[in-house]
Amino acid sequence: MKRYAYYQSCINESMTKEVDRSIDLWQKDLGIEMVKMHESACCGGSNLDFVSPKHFALVNARNIALAEKQGLDLVVSCNTCLMTIRTAKKKLDESVELKREVNEILGKEGLEYRGTSQVRHLLWVLIDDVGLDTIRKKVKTPLSKLRIAPFYGCHILRPSSVLGKDDPLEPTSLDLLLDALGGKSIPYEHKNRCCGFHTLLVAEEESLNVAAEALREAMEAKADCIVTPCPLCHTVLDGYQAKALRQSGLRGSIPVFHLSEVVGLALGYSERQLGIRRHIVTV
Amino acid sequence: MLQVCTDFRLSMKPFDIVIVGGGGAGLYAAMEAMKTNPGLNVAVISKIYPNRSHTSAAQGGANAALANKAKDDTVEMHIFDTIKGSDYLADQDAVEVLCSEAPKIIRELDNMGTPWSRLDDKTIAQRPFGGAGRPRCCYCADKTGHTILQTLYEQCLRKGVFFFNEYFAIDLSVEGSRSRGLIAMNIKTGKIEAFPAKTVIFATGGYSKMYWNRSSNAAGNTGDGQAIAYRAGIPLKDMEFVQFHPTGLRKSGLLVTEGARGEGGYLVNALGERFMARYAPEKMELGPRDLVSRSLETEILEGRGLDSPAGKYLLLDLRHLGADIIKSRLPQIREMCMYFEGVDPIDEPVPVRPTAHYSMGGIDTDNYGRTIMEGVYAAGECGCVSVHGANRLGGNSLLDILVFGRIAGRAAAEESGKFNPSAIPESEVTRIEHDLRGFMQPKGHYERYGALREELGQTLGLNVGIFREASKIRKGIEDIESLTERFSHVRVFDTGDIYNTNLLQALELKNMLDLAATVAAGALAREESRGSHTRNDFPVRDDKKWHKHTIYTYEEGHPRIGFKPVTMGRYELQERTY
Amino acid sequence: MSDTTIQHHVESRDVTFRVHRFNPQVDSKPYFDDYTIKLEKGITVLRALNYIKEHVDSTVTFRAFCQAGICGSCAMRINGISKLACTTQVWDELDRSRETGIIRIEPLRNLPLIKDLVVEMDPLVGKMKKHSNWVDSRMPEDEWGKKEFLISEKEFLTYDKATDCILCASCVSECTILRAHQEYVSPAVLLKSYRMNVDSRDGIHDQRLAGLVKDHGVWDCTHCYRCQETCVKHIPIMDAIHGIREDAIERRGTKDTSGARHAEAFMDDIAKKGKLVEATLPIRTNGIAWTVKNLLPMAFKMVLKRRTPPPPPLVKASKGIDALRKEFREMTGHVTKDHQKKSGE
């Protein structure tokens, strides 16, 4: 059983609770254990860094230090948390001064940022640690009938200088995983593009135009559903789907799954168990 | 179908200044004109967006005796270096203007926001450059021209200069000894439009692209301004002087800046020798360009070059500079070597060979950019004052376009009130429209401009290149004449109006052919070796017969050569050694 | 550069260029033409296009000038991604293409199409003008040329990368928000604005900044990082955008834009609870009226699905919140000191 420090994203604790719930269900099946971090704090959601770069470094140095204290890699299941914490890590690793300043403060709590724990996405753990072969073997109910539009979201890909797992413009990891689960991932242009979440509250019209285009492309590609590794993308593509389509004069609807849900489905869990009925768009 | 433009501009009041070309010289002229008199109506007409101009390719920097780096540098030393570099063909009064304005212009650029690399004392950084006695080349990493161009474009936008982007200049409308203005094609619509103007400044850059694939220049450096002026009766000067840059990339001819040698790069032959020791024992790699180019060519001719399917070449070795210097000081160069040559200069020496790079000749002007035609000016590489004479020093070309662009802009601004041109007759516009349509008519036997362009470059490179001699030049002249004849059969297949690049490239070829005739004629006439012009059959400089400028006038389709004395000053003729 | 002499290499193959064509004078809508030519390894896409124009079809229309990656003319979408044709190797694109042996060539997006691969650049220039993308010097013009500004290499480095921009418009073409709204300021213009705003020689910083925080300005960016990822000069454009935001909050506070209030809310919540209080985020970003109008219609369904975020009193603070609060405050002390030091300089 490989253990990880599991960082609980704010959104998964409030709006998309089904993500952590589904991971809880199947993690042991795949031989991994996500040890929840209760003391961690909000990463700043790609916002704190320009409000106060130093607080941003502090909070995330602390988050990583908490994982390091347990000697575990930090794993997230939200793209933006991934990008944000990795950005902080990069800044800390590149600046001795910043690291020293932050550690001076963290020291009082008995914490130290050393840079030893990696910050990884659940998707990466599934592919690199669990392995596609193992996953393939464990699948009980393959997603064989589904044409799936993979939607990566931005912050698992870009900036590549911070993320670097996939080609930022031609990603493959999610496609590979979906194929291992027995589904058929279909090509469509928007799969590596943006969902619009980060302007949702700032420029809603633009944001929903972005979402509508992704939805339209997936539907035109005759996908049965969309799968995303990011709860923020899910919130827009699912929660705001009706509004986005209406604004762009489009009809129809398409279910949107979390990555953790389709893993659960393939491993034999029911929609009810996985919390899929909490979605806004009826599956 | 092209449309004659019954344009509003035919009847409208003339522009005060129409500037043809939006590179460093044109934009400085525009900005200076607006600064001189904000009430003026200034238009820049450019066949590309001005920020794309070839000024952006100048990597190394601009010379100015700021004495930031070498405290004992002086304007006088800069003047002497320039005159000596020119092989004493530069006009000394013009060089004095160039060098004494230099510190001012560099500071002015700084004052308006040009990013310069900095020294520890926060002053503008300077580095050594070929042919200069002191490190006086001001730079911004290896993107100096690019940053200057962007700054000037930004400032022109700020000052409300009127931009006609993607307009191709075709003709000057002339009445007797006066200009009425310019006729140009709006590339986006295909319309021929008239630009009545009190003054016209030509600033279209150089003509070295006539060497085609043996040139480091942008595809559009086809000498449009020189060709238009020449055909309109304005004389050209010193056209035979074409500078070959020593270090073009082997495959593409693209340039590796002299800054690479300024930072300490070595030139090495197949035997691993730093062969410059043979030719310029003191200055080594930092000798003047004509000398270094000849040295490379000699090494290759004498069998000490390396061989490859893309031709013989030598090596520019930067490895000893180390990754840090290469990355921080020469990042663009490194990228170019990787994109176009597949070589990372951190790990491998760069394959290089000489490439046609700069035209010293151009439209004959006085020190204010005036031509012999009333209201017509020229500046920058397009013009010839002359400050570069037979060979330009590295770091003096950016300086030239800035200083003389500015001077021409001010002169035109101050003098435009004197001119009262008559209206451009609609018949001129119609005639051009008719001529252009002629290209698109189906012909029995037709030629493709691409093949002619290629052949022009080839014959120039072989017969009017670095080493020249009478028999070869004559062959070149014959070839150019035959190509000109064949050009009359060129067919343009794109018969549409909108963005017809097929037509544009044919017109550019015509400009290159007309100018190539002057280059070759001058090369044959000048029976001596001076600066970039090297005659195997006349290997020494002959001051008695040839210390003079060549002047070209257009007569019945051919150049007639005349001469003009060189303005001397403080510096006597001396042998030029490095 | 030669278009017909193609470099001598061993490896060669037939390559099909599927080129976007549209001539508004004759075509009612765009279409694609396939040109299959034999090429040798080492050739760039631009040279291949030149070859097609000269030997196969002279009417294919595209911009190209320096052919050396510095003028920015030949940006186009190659296999779906905006980049310079002159610095792109055909063989690299063959590896990337979805259909074996076929390279798709399309015009840039988000700018009006003129013909084939040529798009109108004027809208971009218009935005540069709108946002004063120039240094408006603190020095009066009649003083120019007399003395240098003294600038540290450190300051130079703050805008060094940004001045690499060649306005090729690849970032404009790739921008998510511009595609959603054409009035959006554009990444290139934000980059240039940032470059001007950190230049100590400039005198209109505040005015420029005030323009950038308006509608369709810097706060509309959705942090998708496509601009940065496709920048042909590898400029960290998002750093510039974040830089403008940081500057806006520091100088203007958070009152004038929803984006700034949104960002500030993160800071507040982390300081208080260690986590985000999502329920009140819309109100804090856009006010009550906006929230009622925009979100109430959705709230009903959200409640049914138990998807509404918990109200603030129910958001449990992080377990280590006391320690975090203390550390946060301490860092605030550091930041205050930094600011004092900066303004003292």
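This is a predicted model: local features need pLDDT of at least 70, side-chain atom pairs count only at pLDDT 80 or more; totals for chains, interfaces and linings use all residues.
A few ground rules: local features need pLDDT of at least 70 and side-chain atom pairs count only at pLDDT 80 or more, while totals for chains, interfaces and linings use all residues. Residues are numbered from 1 along each chain as its sequence is written, chains are lettered from A and ligands numbered from 1 in the order in which they are written, and side-chain values use heavy atoms, with hydrogens and water left out.

**View 1. Chain A meets chain C.**
Here 73 residues of chain A and 66 residues of chain C are in contact (contact means heavy atoms within 4.5 Å). The two chains bury about 6100 Å² between them, with 58% of it on carbon and sulfur atoms. Buried area here is the accessible area (1.4 Å probe) that two parts lose on being put together, summed over both. On the chain A side, A:F50, A:H55 and A:L201 supply 13% of the area buried against chain C, more than any other three residues.

How many salt bridges does the rule find across the interface of chain A and chain C? There are nine, a salt bridge being a side-chain nitrogen of Lys or Arg within 4 Å of a carboxyl oxygen of Asp or Glu. One of them links C:E330 to A:K108, with the closest N and O atoms 2.4 Å apart. Helix 10 of chain A gives the largest share, seven residues. By class, the side of chain A that touches chain C has 29 nonpolar, 22 polar and 22 charged residues.

**View 2. Chain B meets chain C.**
This contact takes 72 residues from chain B and 76 residues from chain C. About 6100 Å² is buried between the two, and carbon and sulfur atoms give 51% of that. Within chain B, the residues losing the most area to chain C are B:R52, B:N111 and B:R158, together 12% of what that side buries. Salt bridges across the interface of chain B and chain C come to 13, including C:D164 with B:K143, where the closest N and O atoms are 2.4 Å apart. Which helix of chain B gives the largest share of the side that touches chain C? That is helix 5, with nine residues. The residues on this side of chain B divide into 24 nonpolar, 25 polar and 23 charged.

**View 3. The surroundings of C:R18.**
C:R18 sits in strand 1 (residues 12–21) of chain C. Its side chain makes polar contacts with the side chains of C:D34, at 2.9 Å, and C:E99, at 3.3 Å. Leaving out residues up to four places away in sequence, C:R18 also touches others, among them C:F32, C:I102 and C:I105.

**View 4. A parallel sheet in chain A.**
Four strands of chain A form an open sheet in the order 6-5-7-8, with parallel pairing; two strands pair if DSSP finds at least two bridges between them. Strand 6 (184–185) and strand 8 (256–258) are the edge strands, each pairing on one side only. Strand 7 (residues 225–228) and strand 8 of chain A are joined by three bridges, and A:I226 has A:V256 as its bridge partner in strand 8.

**View 5. Antiparallel pairing in chain B.**
Strand 11 (residues 242–249) of chain B is mostly covered, with eight of its eight residues buried (under 20% relative accessible area; exposed is over 50%, partly exposed in between, 1.4 Å probe, protein chains only). Strand 11 pairs with strand 14 (residues 350–359) of chain B in the antiparallel sense over six bridges, and B:G248 has B:R353 as its bridge partner in strand 14. Elsewhere in chain B, an open sheet of three strands has the order 3-5-4, again with antiparallel pairing. In that sheet, B:A62 stands opposite B:C138 in strand 5.

Technical notes: Helices (H or I, at least four residues) and strands (E, at least two) are DSSP runs, numbered from the N terminus. Ala, Val, Leu, Ile, Met, Phe, Trp, Tyr, Cys and Pro count as nonpolar, Asp, Glu, Lys and Arg as charged, and the others, Gly among them, as polar. A polar contact is a pair of N or O atoms within 3.5 Å; within protein, one must be able to donate a hydrogen and the other to accept it, and residues adjacent in sequence count only if both atoms are side-chain atoms.
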